[in-house]
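Reader: Could you take me through the sheet in this one, strand by strand, and then show me what sits around it? I'd like the cut-offs spelled out as you go.

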Amino acid sequence: MGVLDYFKTVPTMSAEDVRRLIAEKHPDEYNLVDVRQPTEYAREHIPGANLIPMAELKDRLHEIDPEKPTIVN
């Protein structure tokens, strides 16, 4: 990953679009990643979300299937 990769546009979805996607698709069809801290995740999170705190993301990218759409919270 080069420095220019940090300046690429990232597609976004509204909360309603995310709710619709989760309702319409099987959990095996997408990655749902929560990048907050464990205490925040424990307090409240979307069911089925995989906790990968932002500080750990680079080292844990192998846990995210690149062939599936990824939703990051």
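Author: Three strands make up an open sheet, in the order β2-β1-β3, and the pairing is parallel. The edges belong to β2 (50-51) and β3 (70-72), each of which pairs on one side only. A quick word on terms: strands are DSSP runs of E with at least two residues, helices are runs of H or I with at least four, and both are numbered from the N terminus. Two strands count as paired if DSSP finds at least two bridges between them. In general, strands of a sheet pair through backbone hydrogen bonds, either parallel or antiparallel.

Before going further, the model is a predicted one, where local features need pLDDT of at least 70 and side-chain atom pairs count only at pLDDT 80 or more, while totals for chains, interfaces and linings use all residues. Residues are numbered from 1 along each chain as its sequence is written, and side-chain values use heavy atoms, with hydrogens and water left out.

Now for the pairings. Strand β1 (residues 31-34) runs parallel to β3, with three bridges between them. Asn31 faces Thr70 of β3, and Val33 faces Val72 of that strand. With β2, β1 pairs in the parallel sense over two bridges, and there Val33 stands opposite Asn50.

What about the side chains of β1? Asn31 and Val33 point one way, Leu32 and Asp34 the other way, and all are buried. Buried means under 20% relative accessible area, exposed means over 50%, and partly exposed is in between (1.4 Å probe, protein chains only).

Leu32 also belongs to the largest nonpolar core, which has eight residues: Val18, Leu21, Tyr30, Leu32, Tyr41, Ala49, Leu51 and Ile71. Such a core is a set of buried Ala, Val, Leu, Ile, Met, Phe, Trp, Tyr and Cys residues joined through side-chain atoms within 4.5 Å. Leaving aside residues up to four places away in sequence, Val18 touches Met13 and Ile71; a contact here means heavy atoms within 4.5 Å.

Next comes the loop between β1 and α2 (38-43), which is where Val35 has its place. Val35 counts as buried because its relative accessible area is 12%. Its contacts, again not counting residues up to four places away in sequence, are Ile52, Pro53, Met54, Leu57, Val72 and Asn73. From Val35 to Ala49 it's 14 residues in sequence and 9.6 Å in space, C-alpha to C-alpha.

For contrast, look at Ala15, in helix α1 (residues 15-24). Ala15 has a relative accessible area of 49%, so it's classed as partly exposed. Ala15 and Ala49 are 34 residues apart in sequence, and their C-alpha atoms are 15 Å apart in space.

Zooming out, the protein has three helices and three strands, and its elements run α-β-α-β-α-β from the N terminus on. The C-alpha trace spans about 35 × 25 × 20 Å along its principal axes. Of the 73 residues, 22% count as buried. Among contacts with a separation of 6 or more, residues 24 or more positions apart account for 39%.
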